[in-house]
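Here is a short briefing to read alongside your viewer. Please have the sequence and the model open, and we will go through them topic by topic.

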Amino acid sequence: EGNQGGGRPRGQDSSGRGHLPGKKARTFDLEAMFEQTRRTAVERSRKVLGKKRECSQLMHLKTLPMFMKYLIFKIFPCREAACSESEGSSDEELTGPSVQSQTSAQGPAEDTDDDDEDDEFIGPPLPPGFKDSDDDNDNDDTEEEDTNPVKKIPDSHEITLQHGTKTVSALGLDPSGARLITGGYDYDVKFWDFAGMDASLQAFRSLQPCECHQIKSLQYSSTGDVILVVSGNSQAKVLDRDGFPVMECIKGDQYIVDMTNTKGHTAMLNSGCWHPKIKEEFLTCSNDGTVRTWDVNNEKKHKSVFKPRSVQGKRVIPTTCTYSRDGKLIAAGCQDGSIQIWDRNMSVSQVHTKFHCRQAHAPGTDTSCLTFSYDGTVLASRGGDDTLKIWDIRQFKKPLNSAERLPSFFPMTDCCFSPDDKILVTGTSVKKGGGSGKLFFFYRETFQKLYEIEVTDASVVRCLWHPKLNQIMVGTGNGLAKVYYDPVKSQRGAKLCVVKTKRKERQAETLTQDYIITPHALPMFREPRQRSTRKQLEKDRLDPMKSHKPEPPVAGPGRGGRVGTHGGTLSSYIVKNIALDKTDDSNPREAILRHAKEAEENPYWVAPAYAKTQPKTVFAEVEPEDDETDKPEWKKRKI
C-alpha cells in the first residue's frame, strides 16, 4: 500500500539493489522477512481502517461550529493524510526485503484499491503460477461462449405480458431499458414499467392515441424522453414518456399530384423511426409513395421528402424505412421488391438514390423490415417472400447470405441483430391451428441456423434484443408480449419485477365506510372509534345488509314488482302502483266479448247514441269459408 504511485522505495536504484552509504550487504532470512511483512501489513490495515471510521463518523457532525471541525481534523486527519504519513515512515524504516518482493506484495493491493477501497491486500504475496479456481471457471465459460454463440442467447427464463387478444404489432424499449411499450391491432398502446411492476405483470397505463387506427410502429427517441407512434392513418404522433401528446404531423393535400409540394402524408403510414443521433428528427413512409423526415419542433411541414421510383420511373410504395447507425443514410424497402438508399444530406434531388438493389425481394411483396448492423457495414432485410437476406451496401447487387422458408403474414415482421453483432434474429408466422410460431437465430457470417425458440401457438410478429438489458422481447399474433432473459447474463428489466411478490387484494376493503374524526363533537353525535380494521371487515362481511350484493338493473319492461331502468315517468309510476294484469289472451274476439253482457246491461258509450235509430244491434254474419279445392290455381286466394 505504501508504493501507490508505481515508483520504488527510497534508497534503492532502478535495478533493485540497495546503495545506502555506510552499510554493508547483509544476508536475509526469507521466512522471517515474510512473517514481518505480514504483521506490518496487518497492523497498517488496522490503523487505516480505524482512521477511516473516525473520519466517517466525524464527517457526520455537521452541527459543530467551523473552528471545532478545524480542530478535530487537525487531531484526526483523514485517510489520505494518514496513508501518506504511514507510507513515508514505512519507507524510511524498511531497509530489508528486496524491491521485487515488495512490489509483488503491493501490486495486488493497488488493483483491489481500484475496485473497492475497503478491500486491501493482507499477507505475503502469492507464489508464481498460482491461479484461483474461480478465475479458471470464468475463463472456461468465456472461452466456451466465444466458441459456441448459442450460450450467449438469454432464453433460460421468460415472462408473459398480456397486452390484449389481438396481434401485438409494435414494440418499443427506452434506451435505458426501464420501460416497455406495446401496441396492437386493438388500437391500444400499453406502458410497462419493469421497476414498478410486481409479479402480477400489469401495465401501469393504457391509451388509444390514434383512436380507431391500428398501431404500426412504436419507438423511443435516442434520449428516451419522447415516443414516436405510427398508426394506420396519415398523421404520425409524438408522445412523452407518460403518454401525453407532444406533436402531431400535419396532413397533406390529397388533390396535389406532386407529393413534393404537399406539407405532409396523404395516405396511410407504413413505418417510422427516430434519427440515431439527432433527437428531434424522425422518419416516416406512407402509401402516398414518399419517405419524409420531420422535426418535433415544427409540426406544420416536413423537413425533406424522398420519392422512391421503379425501373420505369413510376411511383412505388415504400413499406418500411430506417436510418443507418450514423444517421447519414436513409433506406426504404418498396413493394416492387427493391431496396433504395438515399444520402440524408442530399438537397439537390430526392429521387436519385445513392445505393439501390432492384431485385432484392420478389415484386409485389411487402418488405417488412430493414435494419443496419451495429458496425454499420451490413444491412439485413426481412421480405414478404418468406426470406431473410443480408447485404453489403458497397456491393449491393447480390446478397451476402440468404435464408428461405420463413413464413411472414404481417407487414411488420421484424429482424434484429444481437448486441455483439454476430447473430441475426427473426420470427415466423403460422396459420391458426398450424403449429407454433418460432424465433430463429442465424449466425451472421455463415447464416447457419444456430437456435430456435417455440414462442406460442400463434405468429411471431415483433422481436427486439436490447443491448443493455441483454433480453429479448417478442410480440405475438395472439396478444402476448414475451420477455426472454437469463438471470446471469441479463441485467435489470424482467429480473426486477419477477422477484416482487404479488400484492394480495382484500375483497372486503370496499365494505367499510370512511371513519370521520370529530374530536369536538357532542358525545351523542360522536362516532365510536374503530379499534381494528380487520375485525371491522370481518363484522361487515357477516352483516347481511353491508355484504349484500346490489341487484343489477332491470332490463326491459320490468318484472317482479320492479320498474325498468327507463321507468322515471308518471306512467311508469302508475304502472308500478296498480296491479297491472298482463295476462295474454290468445283469442282477441273472446277477450272483447267477455265484456259484452256488462255493456248490454249498462251501456255507456255506443248504445245510447243508436238507441233511437238502431235499437237492435246488427252484427256482421260470419260466412263459411268456401271450399277452394275445386277452384283452378289462378283463382285460388294467395296468402
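Predicted model: local features only at pLDDT ≥ 70, side-chain atom pairs only at ≥ 80, totals over all residues.

Residues are numbered from 1 along each chain as its sequence is written, and side-chain values use heavy atoms, with hydrogens and water left out. The protein has 10 helices and 30 strands; these are DSSP runs numbered from the N terminus, with helices being H or I of at least four residues and strands being E of at least two.

**Overall picture**

- Of the 639 residues in the protein, 37% are buried; here buried means under 20% relative accessible area, exposed means over 50%, and partly exposed is in between (1.4 Å probe, protein chains only).
- The protein exposes about 40,400 Å², and carbon and sulfur atoms supply 51% of that area; accessible areas come from the Shrake-Rupley method with a 1.4 Å probe, and for residues only the protein chains shown count as cover.
- Taking contacts between residues at least 6 apart in sequence, 49% join residues at least 24 apart, where contact means heavy atoms within 4.5 Å.

- Residues 323-343 are 0% helix and 57% strand, and their end C-alpha atoms lie 10 Å apart.
- Residues 370-394 are 0% helix and 52% strand, with 16 Å between the end C-alpha atoms.

**Cysteines**

- A search of the whole structure finds zero disulfides, a disulfide being a pair of cysteine sulfur atoms within 2.5 Å.
- Cysteine 273 is in no disulfide, and the nearest cysteine sulfur, in cysteine 321, is 5.1 Å away. Cysteine 273 is buried, at 8% relative accessible area.
- Cysteine 334 is buried too, with a relative accessible area of 0%. Its closest cysteine sulfur belongs to cysteine 285 and is 8.6 Å away, which is too far for a bond.

**Salt bridges**

- Side chains of opposite charge can pair when their charged atoms come close. The structure holds 19 salt bridges, each defined as a side-chain nitrogen of Lys or Arg within 4 Å of a carboxyl oxygen of Asp or Glu.
- Aspartate 375 and arginine 444 meet in a salt bridge at 3.0 Å, N to O. This pair links distant parts of the chain, 69 residues apart: aspartate 375 is in the loop between strands S18 (369-372) and S19 (378-382), and arginine 444 is in the loop between strands S24 (437-443) and S25 (449-456).
- Aspartate 375 is partly exposed at 42% relative accessibility, whereas arginine 444 is buried at 11%.
- Aspartate 288 pairs with arginine 292, with 3.8 Å between the closest N and O atoms. Aspartate 288 is buried at 2% relative accessible area, and arginine 292 is buried at 0%.
- Lysine 546 and aspartate 540 form a salt bridge at 3.3 Å, N to O. Lysine 546 is partly exposed at 41%, while aspartate 540 is buried at 3%.

**Two loop residues**

- Serine 429 lies in the loop between strand S23 (423-427) and S24, and it is buried at 3% relative accessibility.
- Leaving out residues up to four places away in sequence, serine 429 touches several residues, including Phe409, Phe410 and Ser459. Serine 429 and valine 461 are 32 residues apart in sequence and 7.2 Å apart in space, C-alpha to C-alpha.
- Aspartate 242 sits in the loop between strands S8 (237-240) and S9 (245-248), and is partly exposed at 33% relative accessible area.
- Beyond its neighbours within four places in sequence, aspartate 242 is in contact with Arg179, Phe191 and Arg205.

**A nonpolar patch**

- Tyr604, Trp605, Val606 and Tyr610 make a nonpolar surface patch of about 570 Å². Patches are made of residues with over 30% relative accessible area and no salt bridge, with like charges joined within 9 Å and nonpolar side chains (Val, Leu, Ile, Met, Phe, Trp, Tyr) within 5 Å.
- Tyrosine 604 is in the segment after helix H10 (596-601), and it counts as exposed at 60% relative accessibility.
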